[in-house]
Amino acid sequence: MAIEAELKAVVRDPEGVLKQLEERHGAGRAEVYRDTYYDVPDGSLMGADRELRIRTVHSPDDTRTVLTYKGARVDEASGSKPEAETRVEDADATHEIVRGLGFTPRIAFEKRCRNYSFQRDGRRLLATLVRVPELDDATFIEVETSAASVDELAPALALVRVVLTELGIDEDDLTTELYTDAVAAARPA
């Protein structure tokens, strides 16, 4: 399973970062992600730092749904995880299948994203500006690429750090907090 080599940061100057991304990589794709995370009833899947997610992505010209499994972190500093995902034909049927297998929805929320795909040093990268309405519309940036193995993770993350640094993102801005945890904490008990 490939490893998602990703770093996430709080963006202190959203307009400045957006301008740099647009100048370097074009207009980007505006998309709204509707994510539902599933767990077993006792919470042991998420308790073991693993994720099962169904994401429906709405863009101006397309709607697609992706089923994703993420294993436990292989790098604590970045939060990078092994990831397997596949596009699914029918979102409703996929939710029914996952529930039928005994998983229950743990948390669902929306992310408003602008995505920029580009190549650098022989790697395909994705930079995503993210706003989560439930988090007071704070802006985050995720930059990711794929590593084929744990041995390839360090150079992949080094490139991700270079991209973030060029965008004016400091090490102090990095966070490994999961959106699921932040949204759960923001909701009334």
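The lining of the largest pocket comprises 20 charged, 13 nonpolar and 12 polar residues. Here Asp, Glu, Lys and Arg count as charged, Ala, Val, Leu, Ile, Met, Phe, Trp, Tyr, Cys and Pro as nonpolar, and the others, Gly among them, as polar. The model is predicted: local features need pLDDT of at least 70 and side-chain atom pairs pLDDT 80 or more, while totals for chains, interfaces and linings use all residues. Residues are numbered from 1 along each chain, and side-chain values use heavy atoms, without hydrogens and water.

| Pocket | Volume | Lining by class |
|---|---|---|
| Largest pocket | about 940 Å³ | 13 nonpolar, 12 polar, 20 charged |
| Second largest pocket | about 190 Å³ | 5 nonpolar, 1 polar, 4 charged |

A pocket is an open set of points on a 1 Å grid over the protein atoms alone, where a 1.4 Å probe fits, with protein on both sides within 12 Å along at least five of seven lines; lining residues have an atom within 4 Å of a point. A volume is the space filled by probe spheres set on the points, which are joined across faces, edges and corners.

The second largest pocket is lined by residues including P14, L18, R112 and V130. At least two lining residues come from each of α1 (14-25), β6 (104-120) and β7 (123-131).

Definitions and conventions
Helix = DSSP H or I, 4+ residues; strand = E, 2+ residues; numbered from the N terminus.
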